[in-house]
Amino acid sequence: MNNKKIKEIMKAQGYTIEMLSLISNIPVGTLSKIISGITANPGFETMSAIATALNCSLDEFSGRPVTIPYDYEEYLRRFKQLPVCQKEYIKYVIDLEYDRMTRLKTNEKMTLRCYEFTNIVNG
């Protein structure tokens with residue numbers, strides 16, 4: 001368990017131990033022991049609550065590669081805030097590009113064109 005990584009993520013997000021305690025429902029004393037390294041192997045439930053509160057993967061604390069890059073989570077958060085009609089359009093474009101992309105595979109290489117979409121004001 002990498003307690004330094006917890007400190008790093010907390011600092012990046014501007015959290016104090018007290019704030020993390022409030023969000024994760026883990027007592028300040030318990031968090032202090034984990035972050036200082038006194039508690040070297042906290043339980044799964046505790047670490048899961050910390051990861052959820054910090055919006056990160058448990059893999060962050062183990063040194064394993066992170067499964068989902070944070071950029072994707074940010075895009076997903078933004079996507080969820082869009083109106084239904086815009087979500088449907090984005091899904092359509094993704095499906096269309098995926099279908100087109102799978103047809104362009106040759107010699108184990110994939111060709112993908114990127115398009116820039118302009119922001120349409122008022123509809």
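Lys87 has its place in helix α7, which spans residues 84-103; helices here are DSSP runs of H or I with at least four residues, strands are runs of E with at least two, and both are numbered from the N terminus. The model is a predicted one, in which local features need pLDDT of at least 70 and side-chain atom pairs count only at pLDDT 80 or more, while totals for chains, interfaces and linings use all residues. Residues are numbered from 1 along each chain as its sequence is written, and side-chain values use heavy atoms, with hydrogens and water left out.

- Lys87 is buried and yet has no salt bridge, where buried means under 20% relative accessible area, exposed means over 50%, and partly exposed lies in between, with a 1.4 Å probe and protein chains only.
- A salt bridge is defined as a side-chain nitrogen of Lys or Arg within 4 Å of a carboxyl oxygen of Asp or Glu, and the nearest side chain of opposite charge to Lys87, that of Glu88, is 8.0 Å away.
- In this count of charges, Lys and Arg are positive and Asp and Glu are negative, while His and the chain ends are not counted.
- When neighbours within four places in sequence are left aside, Lys87 is in contact with Phe79, Lys80 and Leu82, contact meaning heavy atoms within 4.5 Å.

**Salt bridges**

- Side chains of opposite charge can pair when their charged atoms come close.
- How many salt bridges does the rule give? The count comes to 2 salt bridges.
- Glu8 has a relative accessible area of 48%, so Glu8 is partly exposed.
- Glu88 forms a salt bridge with Lys91, and their closest N and O atoms are 3.5 Å apart.
- Both Glu88 and Lys91 lie in helix α7, where they are 3 residues apart, about one turn of the helix.
- Glu88 counts as partly exposed because its relative accessibility is 43%, and Lys91 counts as partly exposed at 39%.

**The overall fold**

- The protein has 7 helices and 0 strands, and from the N terminus on its elements run α-α-α-α-α-α-α.
- Of the 123 residues in the protein, buried residues make up 21%.
- Among contacts between residues at least 6 apart in sequence, 40% join residues at least 24 apart.

**How helices pack**

- Two packed helices are described by the angle between their axes and the distance between the axes.
- Axes are lines fitted to C-alpha atoms, for helices over the stretch in contact, and the angles run from 0 to 180 degrees between N-to-C directions.
- Helix α2 (residues 17-24) and helix α4 (residues 44-53) pack at an angle of about 105°, with their axes 9 Å apart.
- That angle makes α2 roughly perpendicular to α4, a label given to angles of 65 to 115 degrees, whereas angles under 35 count as roughly parallel, over 145 as roughly antiparallel and the rest as oblique.
- Leu20, Ile23 and Ser24 of α2 make this contact with Ala49, Ile50 and Ala53 of α4.
- By class, the contact of α2 with α4 has 5 nonpolar, 1 polar and no charged residues; Ala, Val, Leu, Ile, Met, Phe, Trp, Tyr, Cys and Pro count as nonpolar, Asp, Glu, Lys and Arg as charged, and the others, Gly among them, as polar.
- Helices α1 and α3 pack at an angle of about 115°, with their axes 7 Å apart, and are therefore roughly perpendicular to each other.
- The contact is made by Asn3, Ile6, Lys7 and Met10 of α1 and by Ile34, Ile35 and Ser36 of α3.
- By class, the contact of α1 with α3 has 4 nonpolar, 2 polar and 1 charged residues.

**Thr46 in helix α4**

- Thr46 is found in helix α4 and counts as partly exposed at 24% relative accessibility.
- Leaving aside neighbours within four places in sequence, Thr46 is in contact with Ile26 and Ile34.
- The C-alpha atoms of Thr46 and Ile34 are separated by 9.8 Å, and the two residues are 12 residues apart along the chain.

**Two asparagines with positive phi**

- Asn25, although not a glycine, has a positive phi of about 60°; Asn25 lies in the loop between α2 and α3 (28-36) and counts as exposed at 68% relative accessibility.
- Asn55, although not a glycine, has a positive phi of about 55°; Asn55 lies in the loop between α4 and α5 (59-62) and is exposed, with a relative accessible area of 51%.
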